[in-house]
Amino acid sequence: MSPRTAVDRVFDILARRLDGPLMVTLVVLAALSLAVVYSASGQSSDRTLGQARNFAVALVVLWVAAKIPPQQLMRLAVPIYLAGLGLLISVALFGDIRNGARRWLNLGFVTVQPSEIMKVGVPLLLAAYFHRKEEGLSVKDYAIAGLILMLPTGLIMRQPDLGTSVLIFASGFFVIFLAGLSWKLLISGVVAGLAALPLAWPMLHDYQRNRVLTLLDPNSDPLGAGYHIIQSTIAIGSGGVFGKGWLNGSQSQLDFIPERSTDFILAVLGEEFGLIGLLLLITLYMIVIGRGLMIALNAPTTFSRLLAGAITMTFFTYAFVNIGMVSGVLPVVGVPLPLVSYGGTAILSMFMGFGILMSIASHKRLVST
């Protein structure tokens, strides 16, 4: 066997089950992330290398997930959900408290954030549940699905972690919606939710109420709660059409933008690359979402269709919430910019989801269980 043939064979083995268009887009987003993180971190090589390691580990997770057949994923749905739920209960009882929040669990050899498990566990279990109920759905089935969704969502809100609870609620809601939730039930739920807002307001933590009030008037506390939104909108606006150039953003390089390499990295991107850079990012996101919806549309079974649709729409929620938050349209809830913000856990969970998408795209047949 010639060296060329051996290399081609190895590449074919490694690339098998990987979706070409989706993979190329993810690589471009990773490269963009490294460039912006390098600038946002004050040209820190350590932080940039750390982000590169995050992507390397996430790529391995994606590759492994892409190899697992959907029928095997369906068998794992209940164990993953129950394990995540058990860890969330353990966090509530024994979790470490950091910055006033109880979100982490020290297992001795590693500290984990169990809420990240539920980003995959909730849509996985709901998709498996509706797959087994596809012959006919009743109000009772939707009620059970709602309970499956609200148990982890409530535990995560209690930590408190509003951003993650919103994302997990969205991931489960999209499964329920795509399963055929009637518009009557949906509208009734929305009306009931709006009616309950006055009751929910006193239940919010002080910092959560401040975020909502700051959204309405950031200048009411320009050096406190409104500082994040004011500085981010200044940075994005000052970037203009073409931006100030890579490493030349005054707001970011002079440390005016808070959390500039994590939650507010979009402001750095907008200031240094301008409207052109933001449109490029949105285009890449649209390619990812479009490809994900195409995979969901062509999925052969209810389980794979619901799971692919939920993963794709959850990614959309990530992007929508962060862009709205940084631009001052939505309250600040601590949601990272997907595949761009610095951080390992969020990238890992998203790449796992994309690996599952690729598995659904490549495994055309799902054995009923």
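**Helix packing and cavities**

Reply: To begin with helix packing, α2 and α3 are roughly antiparallel to each other. Please bear in mind that this is a predicted model.

Me: What are the angle and the axis separation for α2 and α3?
Reply: Helix α2 (residues 20-40) and α3 pack at about 160°, and their axes are 9 Å apart. Angles over 145 degrees count as roughly antiparallel, which means the pair falls into that class. As for handedness, α2 passes α3 in a right-handed crossing.

Me: Which residues make that contact between α2 and α3?
Reply: From α2 the contact draws on Met-23, Leu-26, Ala-30, Ser-33, Leu-34, Val-37 and Tyr-38. From α3 it draws on Arg-47, Thr-48, Gln-51, Ala-52, Phe-55, Leu-59 and Leu-62. By class, the contact of α2 with α3 comprises 10 nonpolar, 3 polar and 1 charged residues.

Me: And α3 with α14: parallel or antiparallel?
Reply: The axes of α3 (residues 45-67) and α14 cross at roughly 30° and come within 7 Å. The two helices are therefore roughly parallel to each other. Here too, the crossing in which α3 passes α14 is right-handed.

Me: What is in the contact of α3 with α14?
Reply: On the α3 side are Gln-51, Asn-54, Phe-55, Val-57, Ala-58, Leu-59, Val-61, Leu-62, Ala-65 and Ala-66. On the α14 side are Gly-344, Ile-347, Leu-348, Phe-351, Met-352, Phe-354, Gly-355, Ile-356, Met-358, Ser-359 and Ser-362. Sorted by class, the residues of this contact between α3 and α14 are 15 nonpolar, 6 polar and no charged.

Me: Moving on, how do α4 and α6 pack?
Reply: Helix α4 (residues 70-94) and helix α6 (residues 139-157) have axes 10 Å apart, at an angle of about 30°. That makes α4 roughly parallel to α6. The crossing of α4 and α6 is left-handed.

Me: Which side chains are involved there, and of what class?
Reply: In α4, Tyr-81, Leu-85, Leu-88 and Ile-89 meet Leu-147, Ile-148, Leu-151, Pro-152, Leu-155 and Ile-156 of α6. The contact of α4 with α6 has 10 nonpolar residues, with no polar and no charged ones.

Me: New topic: how many cavities are there of 30 Å³ or more?
Reply: A search of the whole structure finds 2 of them. The largest cavity has a volume of about 180 Å³. Among the 15 residues lining the largest cavity, Lys-119, Ile-311, Thr-314, Ser-349 and Gly-353 are the closest to its centre.

Me: Which helices supply the lining of the largest cavity?
Reply: At least two lining residues come from each of α5 (115-132), α13 (302-326) and α14 (344-362). The most comes from α13, which gives 6 residues.

Methods
Residues numbered from 1 in each chain as written. Predicted model: local features only at pLDDT ≥ 70, side-chain atom pairs only at ≥ 80, totals over all residues. Heavy atoms only, no water. 1 Å grid on protein atoms, 1.4 Å probe; cavity = no way out; pocket = protein on both sides within 12 Å on 5 of 7 lines; lining within 4 Å. Points joined across faces, edges and corners; volume = space filled by probe spheres on them. Helix = DSSP H or I, 4+ residues; strand = E, 2+ residues; numbered from the N terminus. Axes fitted to C-alpha atoms, helices over the stretch in contact; angles between N-to-C directions. Parallel < 35°, antiparallel > 145°, perpendicular 65-115°, else oblique. Left-handed = near helix turned anticlockwise from the far one by under 90°. Contact = heavy atoms within 4.5 Å. Nonpolar A, V, L, I, M, F, W, Y, C, P; charged D, E, K, R; others polar.
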